[in-house]
Amino acid sequence: MKRKWFDKKVLILGLSKSGVSAAKYLSGVGADVWLSEYSELDENQKALADELQKEGIKIESGGHSDEFLEDAYLAVTSPGIPPSAEIFARLQDKNIQVISEIELAYLETTTPFVAITGTNGKTTTTALISHILESEYPESAPFCGNIGVPPTSLIGGKKLDFLVCEVSSYQADFSPTFRPQIACYLNFTPDHVSWHGSLENYYNAKAKLFAAHKKPAFAVLNALDESVAKLAENFTDEEVFFFGKELDKNCSYIADSAIYFKGKKDAEKIIELQEIKLVGEHNYQNVMCAVIVAKILGLENEQIKEAIRSFKPIEHRCEFVEKLGELEFYNDSKATNPESSIVAINSFPNMPITLIAGGRDKNTDLGEFCSLINQKVSNVVLIGEAAERFEQNLRNIGYTNILNASSLEEAVDKAIELGNRIILFSPACASFDMFNNYEERGEAFKRYVTSKI
């Protein structure tokens, strides 16, 4: 393998998790690795850069120099760099191909991939599928990708049975040959439009995983999402499976308060809804998708059921935090768009809800979000840069049960005073006005809630 990369100069764009992993992997197999970070480095990044330089990796920061681009055989980009960034035009002018870290891992391993994409639910579904498969393949079906574990950090060592990979639209965009054995498309709602330039571009980026010229062996699609279901056109009836709706065959659906799977034969009950720890209809869809993947790969029903029962919800995704008297706190910090928050609100039917929302505004349409709040949310506490626009949109439709808070902690205090049973932190915004990322934001919420117990 070293001969394949020997004396080839590879440019890594960005000192991200995936960029660092790709740099270490490529250096380890003999490539001449140059890593270029557009921003200036903070103290932690400087320490990481020093570590990489000791391994022979060249590092620059504060811009992308001509020296680093010169004579590069290939560039591996980080998912945090927007497609509109000037660097891509410069690379194109030099005829340097740009790929994702996922594409690199795919090219470097024979391990089959199970890929999960969609606007919402990717991380939960990815982790759940990995959890189910590891009941059959102990410690050899790890999750990776946009979930925070670069696949290049997992290859080149012990033999793996599967890589269960969360794929964002950014990563799919730069993965020209990536062909998973099974590809799942959970749902499609407007998000990242400013990043991709248009809603059509955003949809097409994800749809690349299902393109006719590189289609996976099996596609798992949301039958209730018309834009997702139409991708079945590229597959035969034996290659495509649907979840969310009962069909003649190859489907998973809900009936009589249980999840069923139907293959070529009669329907089989997999699990009662009450046995599932995940909250909400959207999570039942995630479970149905995971059930299909497990059935395609030959797992037994009891095995699937026990794995689902033992699965714990992922942090920051409608995560139960604590109970204070009759009050229940849920951390949904991962909800960085209104569509995600809509899903979270719908997870608590017929319950009094105080919603804590706000953050850095993505200027997304708030129509459906505000309408649902008007129907189902008892009170709203708003924080962050988006608070003013959110409040105006809510008042425009006659919703007035609104409080404002200058900090997340103050918002929690006000929510407690209101006394509604469900206190749901689902911001519908990015975190960058107050926090570095949604994880830090969610941890701050959990830490303060726990301090009140």
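Predicted model: local features only at pLDDT ≥ 70, side-chain atom pairs only at ≥ 80, totals over all residues.
Residues are numbered from 1 along each chain as its sequence is written, and side-chain values use heavy atoms, with hydrogens and water left out.

**The helix pair**

- H12 covers residues 281-296 and H13 covers residues 301-310; helices (H or I, at least four residues) and strands (E, at least two) are DSSP runs, numbered from the N terminus.
- The two helices pack at an angle of about 145°, and their axes are 11 Å apart (axes are lines fitted to C-alpha atoms, for helices over the stretch in contact, with angles from 0 to 180 degrees between N-to-C directions).
- On the H12 side, the contact is made by Val-287, Val-291, Ala-294 and Lys-295, and on the H13 side by Asn-301, Ile-304 and Ile-308; contact means heavy atoms within 4.5 Å.
- Five of these contact residues are nonpolar, one is polar and one is charged (Ala, Val, Leu, Ile, Met, Phe, Trp, Tyr, Cys and Pro count as nonpolar, Asp, Glu, Lys and Arg as charged, and the others, Gly among them, as polar).

**Aromatic rings**

- The whole structure holds 15 aromatic pairs; rings of Phe, Tyr and Trp (its six-membered ring) pair if their centres lie within 6.5 Å, and planes under 30 degrees apart count as stacked, over 60 as edge-to-face and the rest as tilted.
- One of them joins Tyr-106 and Phe-113 edge-to-face, at 6.1 Å centre to centre and with 65° between the planes.
- Tyr-106 also pairs with Phe-178: their ring centres are 5.5 Å apart and their planes stand at 85°, so this pair is edge-to-face too.
- Together, Tyr-106, Phe-113 and Phe-178 form one aromatic cluster.
- Tyr-106 is partly exposed at 23% relative accessible area, whereas Phe-113 is buried at 1% and Phe-178 is buried at 0% (buried means under 20%, exposed over 50%, partly exposed in between, with a 1.4 Å probe and protein chains only).

**Charges over rings**

- Lys-9 lies over the face of Trp-34, 4.0 Å from the ring centre; a charge sits over a ring if NZ of Lys or CZ of Arg is within 6 Å of the ring centre and within 35 degrees of the ring normal.
- The charged end of Lys-334 sits over the ring of Tyr-438, at 5.4 Å from its centre.

**Other residues to look up**

- Ser-168 is in the loop between strand E8 (163-166) and H8, and is buried at 5% relative accessible area.
- Leaving aside residues up to four places away in sequence, Ser-168 touches Lys-122, Asn-146 and Lys-206.
- Tyr-170 belongs to helix H8 and is buried, with a relative accessible area of 15%.
- Between the C-alpha atoms of Tyr-170 and Lys-206 there are 8.4 Å, although the two are 36 residues apart along the chain.
- Asp-365 is in the loop between strand E17 (353-357) and helix H15 (367-376), and counts as exposed at 62% relative accessibility.
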